[in-house]
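Q: I should like to learn how to read a protein model feature by feature. Could we work through one together?

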Amino acid sequence: MTNDPRILVIDDEPPIRKLLRVGLSSQGYAVAEAQNGRTALDLLEREAFALAILDLGLPDIAGHALLAQIRARRPDLPVIVLSSRDDEAGKVEALDLGADDYVTKPFGMNELLARMRNALRHQLAVGGERPVFRAGELSVDLVRRIVRVGEREVKLSPKEYDVLRLLVHHAGKVLTHAHLLREVWGTAADPQYLRVYVRQLRQKLEPEPERPRYILTETGVGYRMRAPD
């Protein structure tokens with residue numbers, strides 16, 4: 001079907017490409033494949049894609065370098081990184097370079113599909129610039145700066161609102177600690193500030209702050225706001 005969302009799979013392992021081709025095609029996606037970075041860049045120049053899935057372990061171009069090139073050429077393209085590396089530093093570097101999410105091999109297809117849906121919803125929300133964000137009982141009016149949980153209006157401090165607004169603007173995408181600190185407090189900020197304000201936001205917004213539904217933790221990496229409904 002020509003109207004199916006087109007996904008670019010960039011991976012040098014044929015079994016992984018086959019797994020993704022079969023799994024994604026069964027869910028209504030059209031799949032194009034690139035076995036190396038040069039082929040991927042050529043495809044991105046010639047064709048339009050809704051999302052890219054990028055393996056960091058490519059034979060010709062280092063994964064993080066390729067991610068930077070993709071971001072420079074297609075800044076609005078959602079990119080989900082696949083990697084056999086599970087180190088936090090690698091995840092943080094990929095996310096800071098502009099990846100929308102990071103999935104570690106071996107991975108479950110259902111998890112990958114859920115993260116793809118999050119990334120695609122985030123892209124639609126950014127493109128549409130929704131004035132009101134809604135997820136479950138939470139609503140954030142970005143024009144009037146009004147936050148509600150159900151019918152209850154929630155009062156936030158200016159800094160609490162700044163953190164929430166940044167998370168909402170990128171809902172569905174992981175934001176690293178460094179990115180949040182840089183955007184809200186500046187480069188010299190103490191990481192403890194972020195933990196304090198996220199804890200305060202959860203106390204005000206979450207039905208069960210210890211089991212958050214909205215502001216989700218990516219351990220050792222950062223935070224993710226639940227994607228909009």
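The dialogue below takes up cores, helices, single residues and backbone geometry in turn.

Q: What kind of model is this?
A: This is a predicted model.

Q: Which residues touch the most other members of the largest nonpolar core?
A: In soluble globular proteins, nonpolar side chains tend to be buried together. Here the largest nonpolar core holds 27 residues, and L138 and M225 touch the most other members. At least two residues of this core come from each of strand 6 (132–135), strand 7, strand 8 (146–149), helix 6 (158–169), helix 7 (177–184), helix 8 (191–205) and strand 12 (222–225). Helix 6 gives the largest share, six residues. Apart from this core lies another, of 26 residues, which includes L58, I70, V174 and V221.

Q: Which residues does M225 touch, beyond those up to four places away in sequence?
A: Beyond that range, M225 touches F133, L138, L164, L167, V168, A171, G172, K173, Y214 and I215.

Q: What span should helix 8 have, given its number of residues?
A: Helix 8 has 15 residues and, at 1.5 Å a residue, should span 21 Å; its end C-alpha atoms are 21 Å apart, so the two values agree. At the start of helix 8, the backbone nitrogen of Q192 has a side-chain oxygen of D190 within 2.9 Å.

Q: Which residues of helix 2 are buried, and which are exposed?
A: Helix 2 (residues 37–46) has G37, A40, L41, L43 and L44 buried. Their arc around the axis is only 160°, which puts them on the same side of helix 2. On the other side of helix 2, the exposed residues are R38, E45 and R46. The cover over the buried residues of helix 2 includes strand 1 (6–10), strand 2 (30–34) and helix 3 (63–73). At the start of helix 2, a side-chain oxygen of N36 comes within 3.2 Å of the backbone nitrogen of R38.

Q: What covers the buried residues of helix 7?
A: The buried residues in question are H179, L180, L181 and V184. Their cover includes helix 4, helix 6, strand 10 (174–176), helix 8 and strand 12.

Q: Is D101 buried or exposed, and what does its side chain join?
A: D101, in strand 5 (residues 101–104), is buried, with a relative accessible area of 2%. The side chains of D101 and R224 are joined by a polar contact of 3.0 Å. Contacts of D101 beyond four places in sequence are with V79, I80, V81, L95, R115, V174 and R224.

Q: Where does L97 lie, and how is its accessibility classed?
A: L97 lies in the loop between helix 4 (88–96) and strand 5. Its relative accessibility is 28%, so L97 counts as partly exposed. Not counting residues up to four places away in sequence, L97 touches H64, L67, A68 and R71.

Q: Which peptide bond is cis, and which residue after helix 7 has a positive phi?
A: Most residues other than glycine have a negative phi, and most peptide bonds are trans. In this model, a cis peptide bond joins K105 and P106, with omega about -10°. P106 is placed in the loop between strand 5 and helix 5 (109–128). Helix 7 is followed by G186, whose positive phi is near 105°.

Definitions and conventions. Residues numbered from 1 in each chain as written. Predicted model: local features only at pLDDT ≥ 70, side-chain atom pairs only at ≥ 80, totals over all residues. Heavy atoms only, no water. Core = buried A, V, L, I, M, F, W, Y, C linked by side-chain atoms within 4.5 Å. Buried < 20%, exposed > 50% of the residue type's maximum accessible area, 1.4 Å probe, protein only. Helix = DSSP H or I, 4+ residues; strand = E, 2+ residues; numbered from the N terminus. Contact = heavy atoms within 4.5 Å. Expected span 1.5 Å × (residues − 1). Polar contact = N/O pair within 3.5 Å; in protein donor to acceptor, adjacent residues only side chain to side chain. Arc of directions from axis to C-beta.
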